[in-house]
Amino acid sequence: MINIGVIGYGYWGPNLVRNFGENPDIDVIYVCDRDEVRLANLKSKMPAVKTPVDYMEVLRDDNINLVAIATPVATHYQIAKDALTLGKHVLIEKPMTLNVKQALELIELSKRQGLHIFVDHTYLFTGAVKKIKELYAAGEMGDVLFFDSVRVNLGLFQSDVNVIWDLAPHDFSIMAYLIEKEPTEVSAIGAKRLYDAFEDIAYVTVKFEGGLIAHFHVNWMSPVKIRRIIVGASKKMVVFDDLSADEKIKVYDKGIRLLNNNDNEKSSVYNTLIQYRVGDVFIPKVEAKEALKVEVAHIVDCLKNNATPISDGYTGLRVMKLLEATNLSLSKNGAFVPIG
Ligand SMILES: NC(=O)c1ccc[n+]([C@@H]2O[C@H](COP(=O)([O-])OP(=O)(O)OC[C@H]3O[C@@H](n4cnc5c(N)ncnc54)[C@H](O)[C@@H]3O)[C@@H](O)[C@H]2O)c1
């Protein structure tokens, strides 16, 4: 059995506890939170679980193999560092840390300790993202031309991070999973429409070598909820609508091709014909299992077989590099900045 302690039982922690609890290879031994009222609520449902307010109590227990950290972002680094130092594998919520330096330190520490870091980029375990990855890997989509993401709704305002740090990690992780190239530059502009502390609306553009660009619109002020990603590619295009109940992914056999009718004058627009391809729309079947359940099974598999996680410290680091670069770009009014 894998013995687990969950630290942080606010909004997301209960989802982890439920999914860990449902896995037959896992025992949830501890759930820790600073807030005793939240712990009392859990205790009434799961009386056998130990509920300390000090996370060190979890880490000092030699029987614990894995610690899940679902506390606010600013606390991730210290709790993960303490856990790795005391010999625990860690699952860290997204975003992994407050900056790239902290993420690198945790990766180094985990390597020295021979322990796993899992970063909870939950979307990578959705049936939809798995299916899109499969289609690309099978060569059915061709080369990616652009990636366009909209993730907007009214709230939930966060008190410790801006809207990019709250929402874009999902889309950054999906992009990094599908496009296995390193991006080169980032531009981010944002606005603080409600209060002065953090941007609540932002537009982020990411450039890659060879002309591929990605764009992200994240917003806590939108009257409607949209969760949509379009991946344009040379053979087929995919639209992922996460709010659709039974048509999450649509694959369009659509595209545009330039046909030159005079090879000697290739640069002349007058000699170029545009050919549109408007073919069928295909709606593939997508696994309907809860993503966290799939992720928990994957974590068990990695721990049992010492396999490399789909979302490890390096996945978290790639997202952190993008996030850190958006901070710099925001401070330069949207200028493109290199990704470290
Ligand atoms: N993977 C996802 O889809 C997803 C979704 C939502 C949130 N999250 C992430 O989960 C993390 C937590 O977010 P949330 O919305 O649940 O926040 P939250 O504020 O609702 O809950 C955080 C909990 O941590 C507790 N806490 C804070 N410091 C602590 C400490 N030192 N020791 C013990 N408990 C402590 C707080 O009392 C609170 O109950 C964030 O990193 C967030 O980005 C991930």
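This note sets out points on the sheets, helices and ligand surroundings of a predicted model.

1. Ligand shell. The ligand is surrounded by 22 residues, and the closest are G8, G10, Y11, W12 and E93.

2. The parallel sheet. An open sheet is formed by 5 strands in the order β2-β1-β3-β4-β5, with parallel pairing. Its edge strands, β2 (26–32) and β5 (117–120), each pair on one side only. From one strand to the next the twist averages 20°.

3. Strands β3 and β4. Within this sheet, β3 (residues 66–69) pairs with β4 (residues 89–93) in the parallel sense over 4 bridges. In this pairing A68 stands opposite L91 of β4. Strands of a sheet pair through backbone hydrogen bonds, in either the parallel or the antiparallel sense.

4. Helix α4. Residues 73–85 form helix α4, which lies across β1 (2–7), β3 and β4. Relative to β4, helix α4 runs at about 170°.

5. Strand β9 and its partners. Strand β9 (residues 213–219) is largely enclosed by the rest of the structure, because 5 of its 7 residues are buried. Strand β6 (residues 144–154) is joined to β9 by 7 bridges and runs parallel to it; here V152 stands opposite N219 in β9. Strand β8 (residues 201–208) is likewise joined to β9 by 7 bridges, but these two strands run antiparallel. In that pairing K207 stands opposite I213 of β9.

6. The β8–β9 hairpin. There are 4 residues between the strands of this hairpin, and G210 takes a positive phi near 90°.

7. Residue V294. This residue lies in helix α8 (residues 291–305). V294 counts as partly exposed because it has 19 C-beta neighbours inside 10 Å, whereas a buried residue would need 20 or more. If neighbours within four places in sequence are left aside, V294 is in contact with F125 and K289. V294 and V58 are 236 residues apart in sequence, and their C-alpha atoms are 25 Å apart in space.

8. Helix α9. This helix (residues 313–331) has 19 residues and reaches 27 Å from its first C-alpha to its last, close to the 27 Å expected at 1.5 Å a residue. Helix α9 is mostly covered, with 15 of its 19 residues buried. Just after α9, N333 takes a positive phi of about 55°.

Definitions and conventions. Residues are numbered from 1 along each chain as its sequence is written. This is a predicted model: local features need pLDDT of at least 70, side-chain atom pairs count only at pLDDT 80 or more; totals for chains, interfaces and linings use all residues. A residue is near a molecule or strand if its C-beta atom, placed from the backbone, lies within 6 Å of it. Two strands pair if DSSP finds at least two bridges between them. Axes are lines fitted to C-alpha atoms, for helices over the stretch in contact, and angles run from 0 to 180 degrees between N-to-C directions. Two residues are in contact if their C-beta atoms, placed from the backbone, lie within 7 Å. The expected span of a helix is 1.5 Å times one less than its number of residues. A residue is buried if 20 or more other C-beta atoms lie within 10 Å of its own, exposed if 12 or fewer, and partly exposed in between; C-beta atoms are placed from the backbone.
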